[in-house]
Amino acid sequence: MAAEDLPSEFDVVILGTGLAESVVAAACSRVGQRVLHLDRNSYYAANWASFTFNGLLTWIQQHHEESQPEEVQDWSSLLEEGEELIYLSYSDSTSISNLQQTADSEGVEPTADLPRPSAIQGQSEASRKKISYAQLVKEGRQFNIDLVSKLMFSRGSLVDLLIKSNVSRYAEFKNVTRILTYRHGNVEQVPCSRADVFASRQLSVVEKRKLMRFLTSCLEETEEQQGEMNIVFSLFLCDQQLGDNLEHFLLHSIAMVTEDTPTEVGLASTRHFLRCLGRYGNTPFLFPVYGLGEIPQCFCRMSAVFGGVYCLRHSVRCLLVDKDNRCKAVIDSRGQRISCSHFVVDSSFSLMNFVSSCLPPQVSMVTVPPIAAGFPVVMMVELCSSTMTCLPGTYLVHLTCQSVGSAFDDLSPVVTKMFHTPETDDQETRPSVLWCLYFNMADGLDVEVEGHNLPSNVYLCSGPDGHLGHDHAIRQAQLIFQKILPEEDFCPPAPNPEDVLYDGESLLPTGGGGGDNSGWGEKGEETKENPQTEE
Amino acid sequence: QHGRVKIKSTAQQEEEKRKEREKKLKIYIAARDACFSKRKEGICDDEALQLTQQLLSSNPDFATLWNYRREILMHLEDEVQKIYEAELSFLESCLKVNPKSYGSWHHRGWVSARLPQPDWARELSLCDRCLSLDDRNFHCWDYRRMVVKMSGVPVDQELGFTDHLIGSNFSNYSSWHYRSTLLPLLHPESPEPLCLSEYELVQNAFFTDPNDQSAWFYYRWLLGRGITKLVTCGALFLSLVFQAQSVGLLLVLDGQPQRVEWRSVHPRFKHSPVWICDLPPGTISDITNEHNLTVHWTEKHTHRDCALYTGRTESYCRDSATDQELFRSELSVEKTSVLQSELQSCNQLQELEPLNKWCLLTIILLMRALDPLGYEKETLAHFQTLKEVDSMRSAYYSDLCSKFMIENTILKMEYAEVRVFSISDKNLTTLCHLDQLLLVTHINLSSNQLQRLPPQFAMLQCLEVLEADNNNIENLEGLFCLSKLEEINLKNNNISTLADLQPLASCPKIKRLDLRGNPVTQMAKIEAELAELLPSVTDILL
């Protein structure tokens with residue numbers, strides 16, 4: 001963007017364009033707060049981002065390079081009476097670790113095998129053609145590879161918020177078409193909806209009845225369940241005499257919990273899954289077309305429509321804190337003092353590790369129980385090209401787990417079991433891996449919004465968490481918003497463009513923008529595009 | 001507040017909407033009036049076509065305009081294919097406005113049928129799209145049936161189509177019903193191998209959701225294939241009672257056609273399985289000779305012979321149907337084994353869902369089909385459960401149970417000629433199959449829950465003694481013209497007025513009447529009134 005100076009006064013300054021930060025930005029702008037939203041990267045969405053193939057390679061490159069320590073400058077000239085400086089130091093590189101690509105990407109144009117039409121089930125081998133690494137790079141713009149793999153629960157807080165705030169109009173979604181699980185060396189379909197159960201061939205009629213009865217009773221929250229609360233969920237399932245098949249499906253794929261989860265949590269999780277069924281289709285999940293990185297951008301766009309000011313490749317160096325330990329202003333990366341009443345920043349404090357890795361191959365969700373003792377549960381999402389995240393003819397597969405060791409140690413055994421890789425020498429029906437990346441990412445689940453000895457009007461947004469849904473980030477955004485503006489409605493429905501009154505008396509396009517006509521503030525303009533949006 | 005986007009108030013928005021609506025209405029009314037006047041003048045031009053299109057696209061339920069449009073279309077002779085195709089795509093937009101518009105679907109059918117080169121594949125895919133949006137849109141189902149018929153889609157392909165729809169939502173009567181019309185076309189002879197996979201399909205549905213009615217109804221249809229009840233046609237002579245379906249009867253006595261008046265047992269019946277005539281006086285003067293009687297049923301070209309043997313006043317003959325076949329047809333070995341295994345599946349489901357009414361009812365019906373007497377005890381227990389879990393329909397279950405109990409009692413009668421019929425203390429709430437009891441002279445209905453003796457009761461033409469103590473009878477309509485009835489026991493019932501006893505006056509031979517424990521006995525001067533109403537009675541217990 002232009003090298004002009006930013007306005008020097010805002011209500012809320014937000015650093016980082018991850019999901020929670022973007023939601024806070026949209027919520028604040030929507031109720032009339034002046035919002036400055038910055039990101040030090042050249043792309044939106046921080047660790048929530050989706051990259052083209054080439055974009056991802058650049059991202060890898062950046063993380064391989066040593067981050068240079070920023071020179072400490074003297075900002076004392078900008079200080080006012082009674083203010084103190086707090087330098088912001090970034091440890092972004094620590095949130096991503098153990099990056100590892102498979103050999104293919106290093107080779108000089110190796111010809112990789114191509115995955116089958118549906119990679120996971122390894123169906124027909126008819127349409128085998130070669131896709132080389134060079135082709136991947138050449139067609140790289142057709143990929144939108146998420147750094148975090150998540151799905152949207154169709155009655156989760158993110159979907160509710162998208163609908164309530166009308167932000168949903170900025171994006172398109174696809175239904176996850178099937179839920180699969182890895183069991184006894186095979187990938188099996190998990191019957192979860194009524195139609196699935198009816199059509200399932202692997203369940204006996206008695207199992208069907210038992211499953212449906214269990215699911216129905218889960219929705220009802222019976223007293224019988226209350227009595228069983230003191231045992232773990234897997235034992236509770238055992239007590240229901242459902243049989244191995246059903247126990248596996250319920251534990252791993254429907255409740256998506258571990259063996260030692262308490263019954264209460266397991267049942268709540270099952271209930272959530274079931275309530276999400278049928279809203280948009282036969283599975284409880286939605287996936288945003290063009291990848292998950294779209295979602296934070298949609299909220300940014302809403303913020304911009306309501307006057308939020310956006311600036312990428314722009315950061316905050318330090319906070320100016322008064323005697324009451326309140327942040328009065330920030331100094332940006334260009335040395336400008338910008339006063340603000342609240343400051344929201346993405347946390348780069350790494351606490352735990354969680355892993356995401358990408359493999360090139362219908363939209364399927366696959367649960368893979370621990371392949372051996374000591375290994376984590378792996379969540380696998382297979383995206384087809386109609387989600388606009390990969391090249392036609394290929395599939396994009398995300399594997400995610402709570403890390404035990406490094407991403408490679410945790411996930412490569414699953415990859416070897418399910419796919420054909422250079423390491424596996426057997427030429428059988430499994431889909432081949434074109435390119436593969438392993439990395440660890442810090443889990444943002446345990447980051448608290450406040451505290452950390454921060455000034456009272458500075459709030460932390462965590463990065464992506466290890467859960468499948470988005471509830472954590474949305475909850476966090478809502479919490480921050482309520483602290484900033486306790487009286488205001490959180491993301492009320494945006495009006496239809498035709499209902500917006502433009503100031504007839506002002507001829508300036510940014511009328512009412514405080515005379516600032518620099519082009520930063522864009523107000524009420526539906527046509528505003530995020531620079532990052534592809535196509 | 002600074003930076004806040006200003007939004008039109010609700011009042012402003014509504015005012016705008018109101019104005020918008022007013023404007024639309026004005027245009028609509030003008031176009032409508034123009035259409036009507038054009039039609040009056042009999043003008044069939046392009047402008048009329050456009051005007052109707054404009055109106056129908058906003059209101060596709062305007063039947064008069066569709067009629068006018070058809071008049072115009074029939075008038076046009078050039079480029080029929082092109083115009084009709086345009087009509088189809090216009091209709092598509094109308095269906096988007098209202099997918100359940102009678103007018104649009106009817107018009108589409110009309111256009112498709114007249115199209116010189118119809119594209120049925122396109123029509124089928126349109127139906128598929130509509131049904132995927134609403135799988136119960138019966139307009140679309142209707143239209144689809146027409147398309148299938150016109151384009152000759154093979155039956156098995158249509159069966160596959162229902163597979164698909166049932167797979168996506170099995171709570172769909174339309175798909176199941178369509179299936180029930182296709183299966184007999186594909187396999188007219190009800191072949192068991194196919195049915196097995198069919199049973200499997202429907203079992204999957206009711207095990208998945210036993211409370212869904214659609215699958216159960218289809219299941220009952222499937223089970224019922226080939227179990228149609230036989231109609232028995234017996235004949236009985238006496239003062240002359242003939243059991244048949246309808247009138248058109250001719251009586252021949254010893255080779256001589258007789259001129260007789262046939263009447264049903266009760267003036268209320270125009271259709272009846274029992275018909276009576278009085279022989280002209282003196283036709284059978286000597287019972288010392290044997291007489292041959294034949295009844296011809298002219299409508300059906302059948303007849304029945306019966307001989308009145310020397311010295312007898314009664315004679316009887318009946319179809320050779322065995323007792324087993326009275327209420328159900330004989331089952332083939334294959335059918336029996338299928339029904340047995342279905343009963344097992346249902347019992348399995350019942351173990352899991354002991355209170356499911358559809359399952360219980362189906363089990364009862366299966367048991368009836370297989371062995372009504374052997375399963376009597378289980379059937380009764382299931383009926384008891386049914387009445388508890390589905391109390392809204394307990395009266396229906398009671399009536400059904402009564403019917404089955406009466407059937408069982410009839411089956412237990414060793415000979416058809418048995419003259420005593422006793423079915424006391426069985427919780428009967430209704431009487432049926434009385435046409436099977438024409439010869440009974442002594443009937444015992446005590447200690448049930450009957451509320452009335454229905455008109456059909458008059459079929460018991462031989463009845464001499466009626467025992468109906470301890471019921472809730474308040475209506476005696478069926479005690480009509482029972483010429484042999486002598487004794488009536490109605491202790492502890494609910495007869496409350498003298499008018500309720502009026503039908504008894506038509507039975508000339510009543511001698512004994514027990515009315516103890518009925519409200520009517522509390523009336524003043526009841527004895528005198530009864531003596532007047534029923535002069536033949538010598539023995540009244542009040």
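## Salt bridges and buried contacts in a predicted model

Arg18(B) and Glu15(B) form a salt bridge, with 3.0 Å between the closest N and O atoms. The structure is a predicted model. Both residues belong to helix α1 (residues 10-40) of chain B, where they are three residues apart, about one turn of the helix. An α-helix has 3.6 residues a turn, so residues three or four places apart point the same way. Arg18(B) is partly exposed, because its relative accessible area of 36% falls between the limits of 20% and 50%. Glu15(B) is likewise partly exposed, with a relative accessible area of 33%.

Over all chains, the count comes to 40 salt bridges. Side chains of opposite charge can pair when their charged atoms come close. Three of the pairs are set out below.

| Pair | Closest N to O distance |
|---|---|
| Arg18(B) and Glu15(B) | 3.0 Å |
| Glu353(B) and Arg209(A) | 2.5 Å |

The salt bridge between Glu353(B) and Arg209(A) crosses between chains. Glu353(B) lies in the loop between α12 (333-352) and α13 (357-370) of chain B, while Arg209(A) lies in helix α8 (residues 205-220) of chain A. Glu353(B) and Arg209(A) are both buried.

A network of salt bridges links Glu92(B), Arg108(B), Arg122(B) and Glu123(B). Glu92(B) is also among the buried residues of α4(B), which include Gln81(B), Tyr84(B), Phe90(B) and Cys94(B). Helix α4 (residues 80-97) of chain B has 18 residues and spans 26 Å from its first C-alpha to its last, close to the 26 Å expected at 1.5 Å a residue. Its buried residues pack against α2 (46-58), α3 (63-75), α5 (102-114) and α6 (120-133) of chain B.

In chain A, His342(A) is found in strand β18 (residues 342-346). What is the relative accessible area of His342(A)? The value is 11%, so His342(A) is buried, the limit being under 20%. The side chain of His342(A) makes a polar contact of 3.3 Å with the side chain of Tyr459(A). Leaving aside residues up to four places away in sequence, His342(A) touches Asp11(A), Val12(A), Val13(A), Arg326(A), Asn457(A), Tyr459(A) and Ile484(A).

Key. Residues are numbered from 1 along each chain as its sequence is written. Chains are lettered from A and ligands numbered from 1 in the order in which they are written. This is a predicted model: local features need pLDDT of at least 70, side-chain atom pairs count only at pLDDT 80 or more; totals for chains, interfaces and linings use all residues. Side-chain values use heavy atoms; hydrogens and water are left out. Helices (H or I, at least four residues) and strands (E, at least two) are DSSP runs, numbered from the N terminus. The expected span of a helix is 1.5 Å times one less than its number of residues. Buried means under 20% relative accessible area, exposed over 50%, partly exposed in between (1.4 Å probe, protein chains only). Contact means heavy atoms within 4.5 Å. A salt bridge is a side-chain nitrogen of Lys or Arg within 4 Å of a carboxyl oxygen of Asp or Glu. A polar contact is a pair of N or O atoms within 3.5 Å; within protein, one must be able to donate a hydrogen and the other to accept it, and residues adjacent in sequence count only if both atoms are side-chain atoms.
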